[in-house]
Amino acid sequence: MNLEFSAEDNAFRTEVRTFIEQNYPESLRAVQDEGEEMGKEDFLAWHRILANKGWVAPAWPTEYGGPGWTSVQRYIWSEECARADTVPILPFGINMVGPVIYTFGTPEQKAKFLPKTLSGDIWWCQGYSEPGAGSDLANLKTKAERDGDFYVVNGQKTWTTMAQHADWGFFLVRTDPTAKIQEGISFLLIDMKSPGVTVRPIITLGGEHEVNEVWLENVRVPVENRIFQENKGWTCAKFLLAHERTGIAGVARSKRGIDRIKSMARTESEDGTPLIRDSFFKRKIAELEIDLTSLEYTELRTLASESAGKGPGPESSLLKIKGTEIQQRITELALEAAGHYGMPFFRGFPEDGANLPIGPDAAHRTAPTYFNMRKTSIYGGSNEIQRNIISKMVLGL
Amino acid sequence: MDFNFTDEQNMLRDTVAKFVQNQYDWDSRRAIVKSAAGWRPDLWKVMAEELGILGAPFSEDLGGLGGGAVDNMIVMEEFGKGLVIEPYLGTVVIAGGFLKHGGGDQSADLIGSIIGGEATFAFAYAEPQGRYNLADLTTTAKKDGAGFVLNGRKAVVVGAPWASHLIVTARTSGGQRDAKGVTVFVVPADAAGVTRRDYPTVDGLRASEVQFDNVKLGTDAIIGTLDNGLPLIERVTDEAIAALGAEAVGAMRTAHAMTIDYARQRKQFGVPISSFQVLQHRMVDMFMHVEQSVSMTYMATLKLDESDDERKKAASAAKVQIGKACKFVGQSAIQIHGGMGMTDELAVGHYFKRCTMIEGLFGSVDHHLRRYETLSLGEAA
């Protein structure tokens, strides 16, 4: 038992911290400070810098372009990224489809997709959920019928994050309607520029355009774009979901979120007393910090067992539940700290475009962010579903 | 002990409920929020002239319907169900309260124009530094010949872009946070020296940052008494809290009903999600929160005319319950709706947003817990 990082790990921390300090683009800092929605190029700027350095995909095996870091190093990396408040690397290529392709793909598929996924030349989106298949994902209805060397795909996907920018999507489609529900599904890569693909925006509570509906009408997909065997797509889907949940705890980002609340609480005051000295508010921050510390050490224990060769198990559902609850709580406290200035909504208004902030910068967008973060207990398997997983897989109930 | 409404009050509820149903359906509200004006002056006229509800809480000799706080509660609850945007709270409840209790040279005339729908009001009390302390004022009104000259800035003045008049709290003597030395003024919104920066709020209303630069006021602009305005401000704010509680009850009831409907229709794993016990219990907890909020809204409303301490305790207790309920009911409504709850298209998210803003209006849960503690336990502690 030992809570210290090794000397090598500390040296690694210094190395990555220095790299971020010296290479993080100032232009991105400005966009982030404005608190506005980021465009495609904003997301890709940091991605490309890391791709050049060979650090964009920390978990990938070295043969496919990963840096060969240990799980502790990856943890340090995520801490340092959060500390520097870097733009997150979008998960769809690097964390989701990339590992599916290098695990289940053919050599041709690996060669075609992995380098461009790493470099950022392919922007991926995830075609999983459907209007009737959310928590019950296996109930998906989008069908793919064989026509020679092609599949003809018809159906509708929803909640497709950032599909408006996507070059390619990975889709779960039903290839055998007669098989048992999880056995007739295949995993297809679809070029989003294919005829018959339509992307329609869904605007969410904070006014954001993050998610979309994707309609597929007689989309012809070459059979060579199927990953793994026909009707065995659920294996890829389950593999991907397990990967999606690692890192979902978001401990390092939440630490930064708590720091932000503390700094708001130093400037916001009532009766001339800063909120940070208010016994009620102080206690809420302390409770949140303790909650986060519990999560941090739970995650570290998970990491330690991963280093010992055990993959992420159903325990990762715990990380998802607690991680998202803490992220949501942070946005609650930020909104509370903002006081009256949580109310103004300045995005896209007035029409003349003079969207100057009203009130202190830190209060800016606290309410839309709070609204937006409600999604975290819904997506990636709702927190109710995560509890079912623990109940069934861990407790055996 | 009587929790029944009078025949007149039941009629008032029916009238307002029908108005919301017929003229304030969801598409209409969306259109109002998106419009340049952000409200419907023509519907305000309908409320004044056809429904006659803008006179609900005013005495008959002033031209009103002879009701009081209970009537405000009824209107606000029904408005909450439709997320009505028009400024009943700022105009009838708050300005009406100041003018009724505070009197002043202009009050009879102004109440007349509220009832007639000609005047709308916004309450300019908050300041950037003051948070929820009603006496923390850097806005000053200094003696100037026979009148006053007003200078300062007010934050997040809800309804100011639509207002013909502002109710402004200002310091006429004493230090920045002294209880003494606070005075309430009524200021025409178009007076020389008043400038606004208007913006939409996250819950679909409009508000402004309002700047006063050497605005000249006569002594007839005073509502209540010079330098002793704080007790009046506290009283009217407590009335606003009771009314806001009623609005929250209306909004929460609707969000809860929508959630139950959705859970019954939405199928996953071959069954309606309403059959899952974990969601059933959550919907039961929502129900309990709503019922407790109804009770506290009644209690606070019925205690508005009691002693200052009783009234304050009741209002703060109600605001604590309502603040907690708004959070729980709002968040649960979204969670049970799943991804659909996150969309701008579905109404439920907008109920969540309004409930969230009500949590903070006129003081957060913490603020009112502290006020309650001081009143209830102050001497023992």
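**Close-up views of a predicted model**

**View 1. The end of helix α10 of chain B.** α10(B) is followed by B:Phe362, which has a positive phi, near 55 degrees. Helices here are DSSP runs (H or I, at least four residues), numbered from the N terminus. Of the 14 residues of α10 (residues 347–360) of chain B, 13 are buried, so the helix is largely enclosed by the rest of the structure. Buried means that 20 or more other C-beta atoms, placed from the backbone, lie within 10 Å of the residue's own. This is a predicted model: local features need pLDDT of at least 70, side-chain atom pairs count only at pLDDT 80 or more, and totals for chains, interfaces and linings use all residues. Residues are numbered from 1 along each chain as its sequence is written, and chains are lettered from A and ligands numbered from 1 in the order in which they are written.

**View 2. The largest nonpolar core.** A nonpolar core is a set of buried Ala, Val, Leu, Ile, Met, Phe, Trp, Tyr and Cys residues joined through C-beta atoms within 7 Å. This one has 155 residues, of which B:Leu166, B:Ile167 and B:Phe185 touch the most other members. Helix α7 (residues 230–265) of chain B gives the largest share, 17 residues.

**View 3. Surroundings of B:Phe185.** Neighbours within four places in sequence aside, B:Phe185 is in contact with residues including B:Ala141, B:Leu150, B:Val168 and B:Leu217. Contact means C-beta atoms, placed from the backbone, within 7 Å.

**View 4. A second core.** A separate core of 50 residues includes A:Ala57, A:Trp123, A:Val221 and A:Ile227.

Notes:
Buried ≥ 20, exposed ≤ 12 C-beta atoms within 10 Å, placed from the backbone. Helix = DSSP H or I, 4+ residues; strand = E, 2+ residues; numbered from the N terminus. Contact = placed C-beta atoms within 7 Å.
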